[in-house]
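Dear colleague,

My notes on what was found follow it.

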Amino acid sequence: MISRRKFIAQSLATVAAGSALTHLSSCDGKKIITGSTNGPNAALGHRLRNLTDQHPRKQIKKDVVIVGGGIAGLSAARILKKNNVDFTLLELEQHAGGNSSFRTNTLSAYPLGAHYLPLPNLDNHPLLDFLQEVGVITHYEKEIPQFNEHYLCFDPKERLYINEHWQEGLIPQNGVPSSDQQQIIRFLEQMEMWRHKLGRDQKYAFNIPVAESSSDSEILALDQISMDAWLKANQFTSTYLNWYVNYCCLDDFGSSTQHTSAWAGLHYFASRKGGKGFHLNHDAVLTWPEGNGWLMNRLREPVATHIQSQCLVTKVQIQNQKVSVVYFNELENQFEEIIAPKVIMATPQFINRYLLGDAARTDYGAFEYAPWMVANLTVNADLLEKRGEPLSWDNVVYGSNSLGYVNAMHQHLTSASPKKVITYYKPLSDYPYTASRQQLQKQTWENWLPLILEDLKRPHPQLKEHLEEVAVWHWGHGMISPKPGFMAGDVRRMAQSPIADKIFFAHSDLSGISIFEEAFYWGTKVANEMVSAS
Amino acid sequence: MTDRARGQVPLLLIAAFVVATCGLIYELVAGTLASYLLGDSVTQFSTIIGTYLFSMGIGSYLSKYFKGNLIAWFIRIEILVGLVGGFSSCILYVLFEQLPYFRLLLYVLVSLTGILVGLEIPLLMRILQDRLKFKDLVSKVFTVDYIGALLASIVFPMVLIPYLGILRTSLLFGIFNVLVAGYLCFYFQKELIKSVFLKLYAAIAMVVLLIGFIVADQIIRFAEIQAYQDTILYAKSSPYQRIILTKSPSDMRLYLNGNLQFSSLDEYRYHESLVHPGLASLPNAKRVLILGGGDGLALREVLKYPQIESVTLVDLDPAMTSLFQSNAMLVKLNQSSLLSDKVTVINEDAFRWLHSTQAQFDFVIVDFPDPSNYSIGKLYTNSFYKSLSKVITPKGCAVVQSTSPFVARKSFWIINETIRSTGFQTKPYHCYIPSFGEWGFLLIWKNEFHPATTYPPGLRFINAEVFQQLTHFPPDMVEAHSEVNYLHNQALVNTFEKEWQEYTH
């Protein structure tokens, strides 16, 4: 395990390396494509390198400090704000948001990461309440939430490029042999069974939040094997089906079926109990041009005055019955300290292990994170379309190891413009992730461009000619990886428990699944407990 | 037999192979183009293949009359095949709209290509007869012939049509034919008497085919313009659509993306029916909104009401509104409506504008293109009508152009159902417009509607009595069970597509 000193030194090095927004361009002949590579941690500048004196120049007192401004931190802030608690949220980046961050160009807002929220289950009351608060749910009819139509994903939703044809939906069908189709049907029937299955404790086998799932040991035993092994054990041999399930694991976890727990894999298919709401299919989703950045902004706006951005927290420790949080304030160019009775660590565990120093108390090595690359492509003409379904919200290429692309402008109410921003997602799922991460750090914009073009060449052979800009975003620690053994193991539970009733933990990696609902769950739960205790 | 003659065998067999591949490609090109232009692919393919094979038989028969230097003859025919076969698709494409007897041209071209191709193999066999034993000759020539055919039949649908398109495919194989001819010219220099002329012919044919290959896109564009019956007055691609205006002595027509928008002969039927039943029922109406309708023709009808104080017209495409503000013939047609002081033209997306406006209107005309794609489909969703509801005054009403209740019956009633789901009451009606067919409208209001008893003077089609008749729906257009069109299901676009497809095929 590396020391905190070394960790800080490393962060500084990363920061320095990625500090400047690099404008790049690729020019071959007359075609010029511009763009940049960027990633989190890039905000703090060179100045930090020269600061050896970590002695805080300023000390303030607060009731609560929240470290980290992703969805978990902002959700906690929402609850504290409602209860008039005096708190500060420290955020490393210039803007809060975490995986739900977004950017805007002249055409459209576009996501840097998470881009949709499936309709919540009807028993997820805290989330439903939030959605109603911000107008996503307009009202209830016969206890069924009614969603604002502007936020439900418009038609056409999904298409898959397979056998040289765009088919509707992502489950392979076009040109798929009937024996494979039968396997796919059998698989979906099994998932339907699991969706309704209850454990011996009368809880759903799989639910969202993960904490509401059954703790029946027979069901938890699924965590001991990989999704790949589960498919084999159940005679699911079809290449098409295996590709589809692997795609789903990559989509939600960034990991392949070999490195995803079967419990987590089944959770993906069986945890959503069927979107309720009139005229909606069970796979209906909520989405916005900026992706979950829209929801993030609704969380952030009411607490904006409490957020202190560009602050790199370096140390969190208990001193004299209180918690001291030391951080480097970039705007002031100095180290500062907040003393508070309670702190919420809305940071991932790979950060906590360094911030907590001696107080760290679990096997943080078990928390592994899959790296991701997200590229937003600005295309100046209609994508040259091959046969089949028209441009949809989610567009996937069968056989590719990327996740295809999402049309960021799909939810625009205006007529389709020939210019578009499409968001291309690629998890670097090769295990171990540490190696993939190193590879990602070395990858330059110039390397990515041909890889992206190659991947999309089959459906869009002339993409390059219409490409104007490519904004590449690197997520070194993109998603917590629910590898076999992680979901039912003790490590997660230990990392969840507060320290001395003073330092609390809230992050989606505590659930083992990196989705909006889990981050929201932890932030809301921990803040509520804190409020009701005091 | 000399060694040289024996050494020429493989080359001649390669020539046979190329010739066979090209031959089948021309046949497939003709079949595909005929099904594409004339429809009914089974009939087209069947008759084209029959004609082609029969013509090849004629060619084979005629081959016996060719005497003298067979290699020279073969080269001449190769060049001719390359030109005729290579340009066959261009000729058919461009002349499709021009000729009354297009089928005749089609079969003449197919026959000509077939005869020329039919000549090739027999001539080649005769060239080879001194160089091979008969049994080897037959076996080898037919083997390469059939392999060539197989290759052609596989690459044609999988590679050539998707990547090159039909025009470039035939031109490319014309080039191959000429390449064979050219190569043979050089290779058989000694055997040929005046090889210079042959080489020259081959070179010319090559240049012509290459030019054709390069300008194939322009040919397609040219042919597209030919597809309109009358003289093209105006053609422009705006960022949103392709606008084409045509004129004949008695008629002027506007096409957007190839779809007819109006014919000056009968547009009054459409626009009078669109505007007056609603607006005549509102004697106190002051403010009118038109969504779409950049041609100013609905506006012309609106301005027949002197009490109207202001009209806001929102049309996405500035190219449309400025065309109808500046072109003398069009300004005459819309009676300078777009230049009226009462009118404000806004070039913006209607949905976005509606969403952001605070203004209120007594009467709204919704005149969008038909919901033929998902993008336009958004303008027919319940979300859109909810926004629409907010800009209509309590006593006001609106009218929505709602496609053909005859061709797209379900679509028409889906629009009706969608509008009703947002709290409007509706009065569906329809009228016959010769250039369009049977067309449908929905008059919609929130609180009250009293049918007009008086209409403005000088109308040619609509009046109170006629409107009464238009509200009756015969059984073939009567209400069908319909779902609501939401942004997240776009039920209308899917239904509309299906209904028009069934009607036109």
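What distance separates the centres of domain 1 of chain A and domain 2 of chain A, taken over C-alpha atoms? The centres are 29 Å apart. Please note that this is a predicted model, in which local features need pLDDT of at least 70, side-chain atom pairs count only at pLDDT 80 or more, and totals for chains, interfaces and linings use all residues. Residues are numbered from 1 along each chain as its sequence is written, while chains are lettered from A and ligands numbered from 1 in the order in which they are written.

Domains of chain A

Domain 1 comprises 4-19 + 43-104 + 293-366 + 484-533, and domain 2 comprises 152-286 + 369-480; such bounds come from an automatic or database domain assignment. Between them, 18 residues of domain 1 of chain A are in contact with 19 residues of domain 2 of chain A (contact: C-beta atoms, placed from the backbone, within 7 Å). On the domain 1 side, α15(A) gives the most, with 3 residues. That side divides into 9 nonpolar, 5 polar and 4 charged residues (Ala, Val, Leu, Ile, Met, Phe, Trp, Tyr, Cys and Pro count as nonpolar, Asp, Glu, Lys and Arg as charged, and the others, Gly among them, as polar).

Nonpolar core

The largest nonpolar core has 151 residues, of which Ala76(A), Val343(A) and Ile344(A) touch the most other members. This core lies between the two domains of chain A, because both give residues to it. A nonpolar core is a set of buried Ala, Val, Leu, Ile, Met, Phe, Trp, Tyr and Cys residues joined through C-beta atoms within 7 Å; buried means that 20 or more other C-beta atoms, placed from the backbone, lie within 10 Å of the residue's own.

Sheet of chain A

An open sheet of 5 strands runs in the order β14-β5-β4-β18-β24 (chain A), with parallel pairing (strands pair if DSSP finds at least two bridges between them; helices, H or I of at least four residues, and strands, E of at least two, are DSSP runs numbered from the N terminus). Its edge strands are β14 (307-308) and β24 (503-505) of chain A, each pairing on one side only. Strands β4 (residues 64-67) and β5 (residues 87-90) of chain A share 4 bridges, and Leu89(A) in β5(A) is the bridge partner of Ile66(A).

Chain contact

Chain A gives 15 residues to the contact and chain B gives 17. The chain A side divides into 9 nonpolar, 4 polar and 2 charged residues.

With kind regards

How values were computed: Buried ≥ 20, exposed ≤ 12 C-beta atoms within 10 Å, placed from the backbone. Contact = placed C-beta atoms within 7 Å.
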